[in-house]
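Please look over the sequence and the model below.

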Amino acid sequence: MIALLQRVTSASVAVDGAIIGAIDAGLMVLVCAERNDTEKEAEALLTKLLGYRVFADDAGKMNRSVTDTNGGLLLVPQFTLAADTKSGTRPSFTPAAAPADGLRLFDHFVEQARLKHPAVQTGQFGADMKVSLTNDGPVTFWLQTNAK
């Protein structure tokens with residue numbers, strides 16, 4: 001599993017012109033399941049994400065997590081994060097999970113996130129989404145379980 005997280009002051013996702021998820025300060029996270037990923041990888045990635053320290057403490061150091069700050073969490077499915085870009089000028093998506101597996105793992109990720117965090121919003125799997133955000137910093141990190 002892959003997560004590209006961005007610390008934001010605000011973020012939203014729209015489908016067909018309607019906002020379906022929005023947060024104020026927190027993390028906007030693009031989430032991708034790779035081939036052969038399981039619920040185990042999804043849960044490991046979520047645990048790391050919820051504890052990842054990207055928010056400033058009183059001394060201005062990145063020592064606080066989204067859990068510590070009670071920030072928003074906007075989870076957006078994004079299979080293109082698994083693209084193989086090693087050769088040519090067109091990405092290959094063979095490393096990505098099959099759509100049915102990707103949907104199952106994204107739904108599991110979201111379900112577990114909602115059990116562990118009070119402010120979770122999402123995008124829509126398979127939809128043409130328009131994602132807007134104001135990156136705070138900018139602060140962006142790539143997290144991956146079972147890096148290949």
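Arg7 has a relative accessibility of 12% and therefore counts as buried, where buried means under 20% relative accessible area, exposed over 50%, and partly exposed in between, with a 1.4 Å probe and protein chains only. The model is a predicted one, in which local features need pLDDT of at least 70 and side-chain atom pairs count only at pLDDT 80 or more, while totals for chains, interfaces and linings use all residues. Residues are numbered from 1 along each chain as its sequence is written, and side-chain values use heavy atoms, with hydrogens and water left out.

The side chain of Arg7 meets that of Asp136 in a salt bridge, 3.4 Å from N to O. A salt bridge here is a side-chain nitrogen of Lys or Arg within 4 Å of a carboxyl oxygen of Asp or Glu. The pair links distant parts of the chain, since Asp136 lies in strand β8 and Arg7 in strand β1 (residues 2-15), 129 residues apart. Helices (H or I, at least four residues) and strands (E, at least two) are DSSP runs, numbered from the N terminus. Asp136 has a relative accessible area of 30% and is partly exposed.

How many salt bridges does a search of the whole structure find? The search finds four. One of them joins Asp101 to Arg104, with the closest N and O atoms 3.3 Å apart. These two residues are about one helical turn from each other because they sit three residues apart in helix α3. Asp101 is partly exposed at 35% relative accessibility, and Arg104 is partly exposed with a relative accessible area of 35%. Salt bridges that share partners join Glu39, Asp101 and Arg104 into one network. Asp128 and Lys130 also meet through their side chains in a salt bridge, 3.4 Å from N to O, and both residues are exposed.

Glu41 is buried yet has no salt bridge, and the nearest side chain of opposite charge, Lys40, is 5.7 Å away. Leaving aside residues up to four places away in sequence, Glu41 touches Met1, Asn36, Thr145 and Asn146, contact being heavy atoms within 4.5 Å.

Asn36, one of those contacts of Glu41, lies in the loop between β3 and α1. Asn36 is not a glycine, yet its phi is positive, at about 75 degrees. With 69% relative accessibility, Asn36 counts as exposed. Asn70 is another residue other than glycine with a positive phi, near 55 degrees. Asn70 is placed in the loop between α2 (66-69) and β6, and at 55% relative accessibility Asn70 counts as exposed.

The largest pocket has a volume of about 360 Å³. On a 1 Å grid over the protein atoms alone, a cavity is a set of points where a 1.4 Å probe fits but cannot get out, and a pocket is an open set with protein on both sides within 12 Å along at least five of seven lines; lining residues have an atom within 4 Å of a point. Grid points are joined across faces, edges and corners, and the volume is the space filled by probe spheres set on the points.

Of the 21 residues lining the largest pocket, Pro77, Gln78, Phe79, Phe125 and Gly126 are the closest to its centre. Elements giving two or more residues to this lining are β3 (26-32), β6 (72-77), α3 (99-116) and β8 (129-144). The largest share, four residues, comes from α3. By class, the lining has 17 nonpolar, three polar and one charged residues. Ala, Val, Leu, Ile, Met, Phe, Trp, Tyr, Cys and Pro count as nonpolar, Asp, Glu, Lys and Arg as charged, and the others, Gly among them, as polar.

Thr122 is in strand β7 and is buried at 15% relative accessibility. Not counting residues up to four places away in sequence, the contacts of Thr122 include Val13, Leu74, Phe106 and Val110. In strand β8 lies Pro138, and the peptide bond from Gly137 to Pro138 is cis, with omega near 0 degrees.

Key:
Lys and Arg count as positive and Asp and Glu as negative; His and the chain ends are not counted.
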